[in-house]
Amino acid sequence: MTKRCLEPNCTILTSGSRCPTHKAALRQRRGGSGWTEQRHRAQTIATHGLTCAICGVTCTLTRGPRQAEQDHTIPVAHGGDSRPSNRRVLCRTCNRSKGGK
(Lines give C-alpha, C1' and ligand atoms only; values in the text may rest on other atoms or scores of the structure.)
Protein backbone atom coordinates (compact mmCIF):
# COMPACT_ATOMS: atom_id res chain seq x y z
CA MET A 1 0.00 0.00 0.00
CA THR A 2 1.45 3.37 -0.96
CA LYS A 3 0.79 6.66 0.76
CA ARG A 4 2.21 10.16 0.78
CA CYS A 5 5.44 10.92 2.58
CA LEU A 6 4.87 12.32 6.09
CA GLU A 7 7.04 15.38 5.47
CA PRO A 8 5.01 18.58 4.90
CA ASN A 9 4.52 19.55 1.25
CA CYS A 10 6.06 16.31 -0.07
CA THR A 11 3.92 14.63 -2.71
CA ILE A 12 6.04 11.53 -3.27
CA LEU A 13 4.28 8.21 -2.73
CA THR A 14 6.07 5.65 -0.58
CA SER A 15 5.43 2.28 1.01
CA GLY A 16 6.97 3.46 4.31
CA SER A 17 6.44 6.59 6.35
CA ARG A 18 8.86 8.82 4.39
CA CYS A 19 10.25 8.99 0.87
CA PRO A 20 13.94 7.99 0.46
CA THR A 21 15.09 11.63 0.37
CA HIS A 22 13.35 12.59 3.61
CA LYS A 23 14.27 9.30 5.27
CA ALA A 24 17.97 10.03 4.61
CA ALA A 25 17.58 13.63 5.83
CA LEU A 26 15.93 12.44 9.04
CA ARG A 27 18.73 9.94 9.64
CA GLN A 28 21.28 12.72 9.10
CA ARG A 29 19.51 14.99 11.63
CA ARG A 30 19.50 12.17 14.17
CA GLY A 31 23.26 11.72 13.86
CA GLY A 32 23.49 9.06 11.16
CA SER A 33 23.51 5.34 11.65
CA GLY A 34 25.97 3.63 13.94
CA TRP A 35 27.11 1.37 11.10
CA THR A 36 28.15 4.34 8.95
CA GLU A 37 30.07 5.94 11.81
CA GLN A 38 31.90 2.66 12.51
CA ARG A 39 32.82 2.36 8.85
CA HIS A 40 34.09 5.97 8.74
CA ARG A 41 36.16 5.37 11.89
CA ALA A 42 37.68 2.22 10.42
CA GLN A 43 38.51 4.04 7.16
CA THR A 44 40.09 6.94 9.06
CA ILE A 45 42.26 4.60 11.14
CA ALA A 46 43.25 2.63 8.04
CA THR A 47 44.25 5.84 6.27
CA HIS A 48 45.99 7.70 9.11
CA GLY A 49 47.13 4.85 11.35
CA LEU A 50 46.90 4.88 15.12
CA THR A 51 48.99 8.01 15.76
CA CYS A 52 47.30 11.03 17.36
CA ALA A 53 47.48 14.01 14.99
CA ILE A 54 47.97 16.45 17.92
CA CYS A 55 50.30 14.86 20.49
CA GLY A 56 51.79 12.03 18.39
CA VAL A 57 51.09 9.24 20.90
CA THR A 58 50.26 5.77 19.59
CA CYS A 59 46.54 5.26 20.19
CA THR A 60 44.80 2.03 21.17
CA LEU A 61 41.54 0.47 20.00
CA THR A 62 40.45 -0.27 23.58
CA ARG A 63 38.73 2.15 25.97
CA GLY A 64 40.94 4.53 27.87
CA PRO A 65 42.65 7.93 27.62
CA ARG A 66 44.62 6.82 24.55
CA GLN A 67 41.68 5.32 22.67
CA ALA A 68 41.68 6.26 18.97
CA GLU A 69 38.82 8.59 18.08
CA GLN A 70 37.82 10.09 14.76
CA ASP A 71 37.92 13.88 14.59
CA HIS A 72 36.81 16.34 11.93
CA THR A 73 39.62 18.75 11.02
CA ILE A 74 37.00 21.39 10.20
CA PRO A 75 34.10 20.76 12.62
CA VAL A 76 30.73 19.94 11.08
CA ALA A 77 29.27 22.80 13.13
CA HIS A 78 31.62 25.18 11.26
CA GLY A 79 30.81 23.91 7.77
CA GLY A 80 33.03 20.82 7.63
CA ASP A 81 31.84 17.55 6.16
CA SER A 82 32.49 13.84 6.66
CA ARG A 83 34.73 13.31 3.66
CA PRO A 84 37.89 11.31 4.38
CA SER A 85 40.03 14.39 3.71
CA ASN A 86 38.34 16.16 6.66
CA ARG A 87 38.85 13.33 9.16
CA ARG A 88 41.85 12.52 11.33
CA VAL A 89 42.75 10.30 14.31
CA LEU A 90 43.12 11.81 17.77
CA CYS A 91 43.63 10.15 21.14
CA ARG A 92 40.64 10.47 23.46
CA THR A 93 42.49 12.96 25.70
CA CYS A 94 43.29 15.37 22.85
CA ASN A 95 39.86 15.03 21.23
CA ARG A 96 38.03 15.79 24.48
CA SER A 97 40.28 18.72 25.37
CA LYS A 98 39.92 20.60 22.07
CA GLY A 99 36.10 20.70 21.91
CA GLY A 100 34.48 22.03 18.70
CA LYS A 101 37.18 24.60 17.92
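This is a short walk through one predicted protein chain, from its overall layout to a few single residues.

Let's start with confidence. The model is predicted, and the mean pLDDT of the chain is 85. Of the residues, 89% reach 70 or more. Where does confidence run lowest among the elements, and where highest? Helix H1, residues 20-29, has the lowest mean pLDDT, at 77. Strand S4 has the highest, at 93. Keep S4 in mind. We will come back to that strand.

Now the layout. The chain has 101 residues. There are three helices and four strands. Reading from the N terminus, the order is β-β-α-α-β-β-α. Buried residues make up 27% of the chain. The accessible surface is about 7000 Å², and carbon and sulfur atoms account for 54% of that area. Take contacts with a separation of 6 or more. Of these, 40% join residues 24 or more positions apart.

On to the core. Which residues make up the largest nonpolar core? There are eight: Ile45, Cys52, Cys59, Ala68, Val89, Leu90, Cys91 and Cys94. Here is S4 again. That strand, residues 87-91, gives the most to this core, with three residues. Look at valine 89 in particular. Leave out residues up to four places away in sequence, and Val89 still touches Thr44, Ile45, His48, Gly49, Thr51, Cys52, Ala53, Cys59, Ala68 and Glu69. Several core members are on that list, including Ile45, Cys52, Cys59 and Ala68.

Is asparagine 9 buried or exposed? Exposed, with a relative accessible area of 76%. The backbone deserves a look too. Most residues other than glycine have a negative phi. Asparagine 9 is not a glycine, yet its phi is positive, about 65°.

That's the tour. Thanks, everyone.

Methods: Residues are numbered from 1 along each chain as its sequence is written. This is a predicted model: local features need pLDDT of at least 70, side-chain atom pairs count only at pLDDT 80 or more; totals for chains, interfaces and linings use all residues. Side-chain values use heavy atoms; hydrogens and water are left out. A nonpolar core is a set of buried Ala, Val, Leu, Ile, Met, Phe, Trp, Tyr and Cys residues joined through side-chain atoms within 4.5 Å. Buried means under 20% relative accessible area, exposed over 50%, partly exposed in between (1.4 Å probe, protein chains only). Helices (H or I, at least four residues) and strands (E, at least two) are DSSP runs, numbered from the N terminus. Contact means heavy atoms within 4.5 Å. pLDDT is the predictor's confidence in each residue, from 0 to 100. Accessible areas come from the Shrake-Rupley method with a 1.4 Å probe; for residues, only the protein chains shown count as cover.
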